[in-house]
Amino acid sequence: MTRYILRRLIYTIPVLLGVSLIIFILFNLVSGDPTALLLGKNATAKQMVELREQLGLNKSLWLQYLDVVKSAFTFDFGRSWQSKQEIMHMVKMGAYPSLALSIPAFTISTILSILISLVVAFYRGKGIDLFIRILCIAGMSISSLVYILVFQWYFGYYLGWFEISGFEQGFPNFVPYVALPAIIWIVLSLGPDVRFFRTIILDEIYQDYVRTARAKGLGEKTILLKHVLRNAMIPIITYVVIQIPFLILGALLLESFFGIPGLGGMTLNALNSSDFPVVKAMAILSSVAYILFGLLTDILYTVADPRVKLK
Amino acid sequence: MKTNSLWVDAFRRLSRDKTAMMSLVIVIIFSVVAILSWMGILSAGWSQEVGGSNMPPSAEFIFGTDLFGRSVFDKVIHGTQIAMSVGLVTSLIAIPIGVVLGALAGYFGGWVDDLITWFYTTFSSIPNIMLLISITMILGKGIFAVYVALGATGWGSLCRLIRGEVMKHKEREYVQAAGAIGGGHMRKLFIHILPNVTHLVIINASLQFQTAIKSEVILSYLGLGVQGEPSWGTMIDDAKLELARGVWWQLAASTLAMFLIVLAFNLLGDALRDALDPKLKGK
Amino acid sequence: MKLFGLILLIASFLVGCSKEQNFDERVIYLISPEKIAGFDPINASDMYSSNEMGKVYEGLFEFHPLKRPYELMPNLAEAMPTVGDDGLTYTVKIKKGVFFQESPAFKGVKRELKAEDFVYSIKRLADPKLMSKGWWTLDDKLVGLNEWRAKYAQAEATNYADEIEGLKKVDDYTIQFKLKAPFPQFLYALAMPYSFVVAKEVVDFYGKEFLNFPVGTGAFVLPKFEQTNRLVYTKNPNFREKFYPSEGEDSDIANGLLADAGKKIPLVDKIVVDIIVEAQPKWLGFKRAKNDLLEVPKDNFQEVIVGTRELTDDFKSKGIRLHAEAQLDVTFISLNNQNDLFKDNKKLRQAISLAYNRAQANKLFYNDTAIEAQGVIPPGIAGYRKEFKNPYTKYDLVLAKKLLKEAGYPEGKGLPDLVVETRNDTSSRQILEQFADNMKDIGIKVIVGQNTWPELVNKVTTKRNMMYTMAWGADYPDAENFLGLLYCPNQSPGSNGANYCNPEFDKLYKQAVVLQDSPERTALYEKINEMVALEVPWVFSFNRTKYYVTQAWLKNYKFMEFNHTQFQYLNVDLEVKKQLSKKF
Amino acid sequence: MTTPLLSVKNLTVDFHTQEGVTRAVNNISFDIPAGKTVGIVGESGSGKSVTSLAVMGLLQKPAGKVESGQILFNGNDLLLNNEDQMRKIRGNEISMIFQEPMTSLNPVFKVGAQIAEVLTIHKNMNKKQAWDRAVDLMNQVGIPSPAQSAHKYPHEMSGGQKQRVMIAMAIANEPKLLIADEPTTALDVTIQKQVIELMMNLQQQYKMSMMFITHDLGVIGDLADDVVVMYRSNIVEQNHVKSIYEGAKHPYTKGLLACRPNLGANPRRLLTVSDFMNEEGKELVVPAERLTVYDKELIPSHQGEGTLLEIKNLTTNFPIKGGLFGRTIDHVHAVNDVSFKIQKGKTFGLVGESGCGKTTLGRTILRLIEPSAGNIIYNGQDITNIYGEELRLLRRKMQIIFQDPYSSLNPRMTVGEILAEPLIIHGIGNSKAARLDMAKELMDKVGLKVMHLNRYPHEFSGGQRQRICIARALMLRPEFVVCDESVSALDVSIQAQVLNLLLDLQDEFKLTYIFISHDLSVVNFISDEVAVMYGGKIVEMGAASKIYQNPSMEYTKSLLSAIPKGQPKHF
């Protein structure tokens, strides 16, 4: 197990190299010269040349790439070109609102989806199953942007039930701000989640061991909640955990619509202003998170499924 | 003698499924509309000012007019063309990449697998939105960039799926049998294994299609979408500013159109899965 | 059922959370529509960070909060400077007994403001390592400063101990500036946030984190900038004796703006600034009395305003006031004058300008409140002449077609598709969609290219564009700030993004910019403006009007273009607020 | 006569699917007296499992539906019970063991807990009591060190142990009726015997009635009192086991009894159900010569004509990956130093239990798996290290028939395409028509209808598919064929037909076979020489008749003694 974990951690090296390379190539192709932007509307040509040098943009591409790789492994991303703030500090500041939104929303939506899909699986083939299935598919067929627009307008603006925008640090101060985006998040995820979990649970329901459980005289509810759910947890864990690294990045659209100063907005901002150090940091951090949570998935497997041994 | 390939069987099952047939009809209608619009037969006049600014739906303009007095109905039709082409071209880019890489990785294993796995792990570990934005920026804006960006980011899950399936099939006896009669790698992979995973590709294509249509909206919101012509994305994006003024028809019309086609693809995807995936047979 | 229960739970929680109003403390609630990057004055390049910095930091001069046209008055300076006979030497006396706000960097000692702090602060602006966005204000202006900058451009660190001839402390309370050449806008430069004064100890103490620890001499204190969405400033208890002005325009008395005349400022205990980017939430917040001052979002215009100057009854009944002011800005569609199409083809440029239906755009995008721009200089700045009407900014399709034909492209034949670059937001796109629509009427096909801000900037600075849209706001109230946009040496990557070069224009411009403010200079500005307007280097669009609404209890607010120093004068009437709060 | 414990009366079950209604069980009636064992025999799809599920009330809803009839248990009609009442009976008064021990246990719970669960549901035991009782039960069913084993997960146990756990679970509440649905089919022959003995002992001990479902009449003989024979949803015959064995009345039963090769002498071709009964179910008279038993040694075509294949010290290893970078740190010796020779035109039988390495050996010989050491000499040529074109040419001479007729045919190709493919690969036949003609010829030879050329594999039955596989193997006119468990997945009656076909083809094409199977009686019937494999090695080898009559190794003896005799023993 330890050896497996170690090996997986070592695997982050090639992935990080790849991520740095992709980000570096894309950025070099994308941004061109960031100096004009950084110096504002009255920049002079001379000052731009000086700044290029200061940012290390005169170095050979190879050396520049090495810098990217170096920061990928040291996590020292330096300071933002735009705000001059320290990037790790920005990440810390942005993580709070992002997580304040995403953790409750994600937890609630996951639990709710599992509950609903259990109910649906219990009544499989019946009217309620069909109804919820159709509701899920219909729900998934509407653009997320439409949900945001309509919910924000109706609940926030028209009815005035929720704060429309902004954020305050500290619980429970932030609750009124994240409530509406969290509800939208939940509504958005219920469709695909319930659909997926239902399939998983139904797959399990037709397994032989369920027949055994019935032959034992177990009730349908016990079978569902004990035997089936425990087995279904394995694919569910994968599905759920693999989303977590992207939660850290925040829900980009929701954050930008509800003025939540999270990492999603920060990333978008950085992309929109060619703030390479921030883009780089976010790409690298999220791929590290991706790998770590992939590893976590594997470890959770061994908990959920005794057949799995990590070697 | 009537014989039934699995495909014929699947289609027969599908044709008995009323929702699937309805969905198929919707997809066909949308495709025809898209083609007619592309040929300039429908909605050629979307850019004409036909009425006043922001006129609500009426008998004359069933979806009303937009800020510039253009017919929202025509814009929706033109948007259909954009959406269908985005769905189609994106799938045409993403699916071959995903299938070929997945098949090679799954079949050959070893360093080929390591390399391809590394490639998609790297790709999928970078948040999609970063790739989308970067690619559209590199290619310059416009529909071409939308195709490429969505295509280039959409192959990961299919690649993984195909890789897993090919690995499974590689061990099946029919593939061994093909080897035993002297068939080479290419024959085993392309003649034997791939046709047996095609159903997954078809199911995936129906999802890819609608995901692309939905992504176009997000790209439009970020200002990276189609330029200079109306798409459902830009129409929904417009609504951001219009809704507060009570102008809801542009949002409603484009959402309705999108809802229909995405719903149709979702239902069709489900029906295809039921019809094509032998695993679920009899359930 | 469960879902419903959950919603109930959340809803009840929300109700429990709504805050009680406090009517004992004098607090002003403001909005900043953009994120604040940090509190280093030398990077205060945009209006919104300037506004925040202006609460903590101060400069030698400030604009008078009431007098119009805008007039400088001494702030940390004792008086307006004495200028030597050569017109190049400026001597400034600073106030005595001004202290910096408390900071651990001062180790418990009360730190008095000295002349050398200004020398230090301006050197920071020039420091090549710091790459200030405001360097242009003093670039090539002070004797020795550029040389000092050049000396350390390649070095490891900058040495602040070097004496600079053009930037000297005479004694602890006197500074002397020496200019290389006449620069009539110099005092404006010294009033800009870039040259706000900071203390060396604080900069050294915090190092790179300095930008999060503002320590100024200003009326309000912000102990630490937390990079959150809410900034809370408290009154500086040790603020010097500074008083509300007792003179202003005639209308100011009627508007109650002189009620606090002669009182010691600041007049409030706290200023709370919420950073909210999206338009709707800000507006809703204002309607719920959560903030005291707001620019009216364009989409809510109908809800607020009848005609162009009148509030709706609903708003009037709540005591809300409207402030509608023309801005010192100009929006335009820049034509790349080095592109072969436009370079020597004045008629093409004019044809495009004539085909642009500004009235329609004004209605669609500005609620008919903007002024159609006739030239480069906006109203409110000397050089603008109300009577001047540019013949090429009318909407005249017949003439446009005629000129297009003369330009060699009858009905647009032979003219390639024109690409006009803009930003990637919805409004920018819509504005250009309408423009493209207009151009179709004379046979020109225009494609709208959307760009992220860096892309657009790059396309402009590298001249890789045919046309792009831009708005230019005044840095200071002087036509030089606008006319420079067409001065040939300023071409890309400088501020002349249109890459317009006209020797005659350049000659007149050079003459005008060294003149002190005078009727003679105004006449010259007018002449240049009107001359270049006929050349149509840009498609002139609009001079916009801003609409602000203020709550009844917000006192002493008067629209200001350069408003970073304005907030110290504001006051709040708690009685009014208490009474009116029931109406919200 | 007392009332039977279970009495099924006029039971009819239909399955309603999208494709239409299928009758699974048609108006059947039988009794299970208290304390007796009733065997239900029939081929797959005959309705025997459906009957058992109907008794348990576990028919798959909503497709499966009892249309009419009664299932009286202790005089009460189970079909009238509601779900709650049924639940109290299931696992308590009637319990059931399923065919697949691998999948029938919940993989994520400890086996002890799974046994204990059935006690806590029905017996009001607390967890501790239930666990202790579970350990006790595991001891009873013969699981070694039960206290520790109770903490194991199913995947940590062998197939036989899992089935014992299933049995423990089934007998936990001392049910009155135990239903066993093919409980031994998936197990190796030695384990099979132990499990059956265990069940018989337990039945005696607990005075249970038992309903034992199987496709193999041979198994029934040892333990059943009565036998019910089902064929195409109907009961065709039911009687005491002795009467069935001694005087079966229905031709189908006769066929079933006759088609299974025994360990002694057999007719030259096995009798099959179709010898006794035509398609319409009408009884046929079996020609006398078909019944004649023959002695293999006397048949000329089975005389050796020199060595075709020689295996020298062949070893096949599978690497075990480990270490930080997944290097190979050790090997599993799947085939370990094996040597033998095969004479031209003979059949070499390879027997052993699952995991003994026989399949790996077969595939290594064909170079489908790379050998690690040793030599394969075919017709004098060492083929251990040939590659590319040379190897491809060799494939024309050496072929394989796989075990699973379902997975060894590409479901997306028609029979014609499948059969023509080897010809295309090897460039035989100059047109599509020519190749299809050759395919048709062989289809006829293997007993398939030529008009089915354009059909897809799923449209055929298991036996027919295996014929397709045989035809494919023979398309290249090979000299040497490896039959890898080629009849193991088939019902006994079909198995006999396919074995006959293989023998016919051997005569016609002068084929040499390696016949791999875990079924000793089948190997005995078909082989000239037999090798017994255990743990990757050949432990005993020699002429079939010698090995079967005088096994020298203990392992071979235990294998042989485990074979059901196909005769009722306790009477």
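**Chat: a sheet in chain D and the chain contacts**

Visitor: Which residue is the bridge partner of D:M533 in β20(D)?

Guide: D:M533 has D:I538 of β20(D) as its bridge partner. Keep in mind that this is a predicted model.

Visitor: OK. In which sense do β19 and β20(D) pair, and over how many bridges?

Guide: Antiparallel, with 6 bridges between β20(D) and strand β19, residues 529-534 of chain D. A helix sits against that pair: α22 of chain D, residues 554-562, packs on the sheet and touches both β19 and β20 of chain D. The direction of α22 makes about 105° with that of β19(D).

Visitor: What's the strand order in the sheet of chain D?

Guide: Going across, you get β16-β17-β18-β13-β19-β20 in chain D. That's an open sheet of 6 strands, and the pairing is mixed.

Visitor: Which strands stand at the edges?

Guide: In chain D those are β16 (398-401) and β20 (537-543). Each has a single partner strand, so one side of each has no neighbour in the sheet.

Visitor: And by how many degrees are neighbouring strands turned against each other?

Guide: On average 15°, ignoring direction.

Visitor: Switching to the chains. Which two share the most contacts?

Guide: Chains A and C, out of the 5 pairs of chains in contact.

Visitor: How many residues does each of those chains put into the contact?

Guide: Chain A brings 57 residues and chain C brings 58 residues. Together they bury about 4600 Å², with 56% of that on carbon and sulfur atoms.

Visitor: Which three residues of chain A supply more of that area than any other three?

Guide: A:K41, A:N42 and A:Y157, which supply 13% of the area chain A buries against chain C.

Visitor: How many salt bridges does the rule find across A and C?

Guide: There are 2 salt bridges across that interface. C:R149 is in a salt bridge with A:E50, where the closest N and O atoms are 2.7 Å apart. As for polar contacts, the count between chain A and chain C is 8 residue pairs, both residues at pLDDT 80 or more.

Visitor: Which helix of chain A gives the most to the side that touches chain C?

Guide: α3(A), with 7 residues. Other helices of chain A supply at least two residues each to that side, including α2 (35-39) and α5 (87-122).

Visitor: How does that side of chain A split by class?

Guide: You'd find 26 nonpolar, 22 polar and 9 charged residues on the side facing chain C.

Visitor: In chain A, which residues lose the most area to chain B?

Guide: A:S141, A:L271 and A:Y290, which together make up 14% of what that side buries.

Visitor: How many helices and strands does chain B have?

Guide: Chain B has 11 helices and 0 strands. The C-alpha trace of chain B spans about 75 × 50 × 35 Å along its principal axes.

Visitor: And which residue of chain B forms a salt bridge with C:R429?

Guide: B:D238, with the closest N and O atoms 2.9 Å apart. That pair crosses between chains: C:R429 is in helix α15 of chain C (residues 426-440), and B:D238 is in helix α10 of chain B (residues 232-242).

Visitor: How many salt bridges over all chains?

Guide: The count comes to 81.

Visitor: Last one: how many Å apart are the nearest C-alpha atoms of chain C and chain D?

Guide: They are 27 Å apart, and chain C and chain D do not touch.

How values were computed. Residues numbered from 1 in each chain as written. Chains lettered and ligands numbered in written order. Predicted model: local features only at pLDDT ≥ 70, side-chain atom pairs only at ≥ 80, totals over all residues. Heavy atoms only, no water. Pairing = 2+ DSSP bridges. Helix = DSSP H or I, 4+ residues; strand = E, 2+ residues; numbered from the N terminus. Axes fitted to C-alpha atoms, helices over the stretch in contact; angles between N-to-C directions. Contact = heavy atoms within 4.5 Å. Buried area = accessible area lost by both parts, 1.4 Å probe. Salt bridge = Lys/Arg side-chain N within 4 Å of Asp/Glu carboxyl O. Polar contact = N/O pair within 3.5 Å; in protein donor to acceptor, adjacent residues only side chain to side chain. Nonpolar A, V, L, I, M, F, W, Y, C, P; charged D, E, K, R; others polar.
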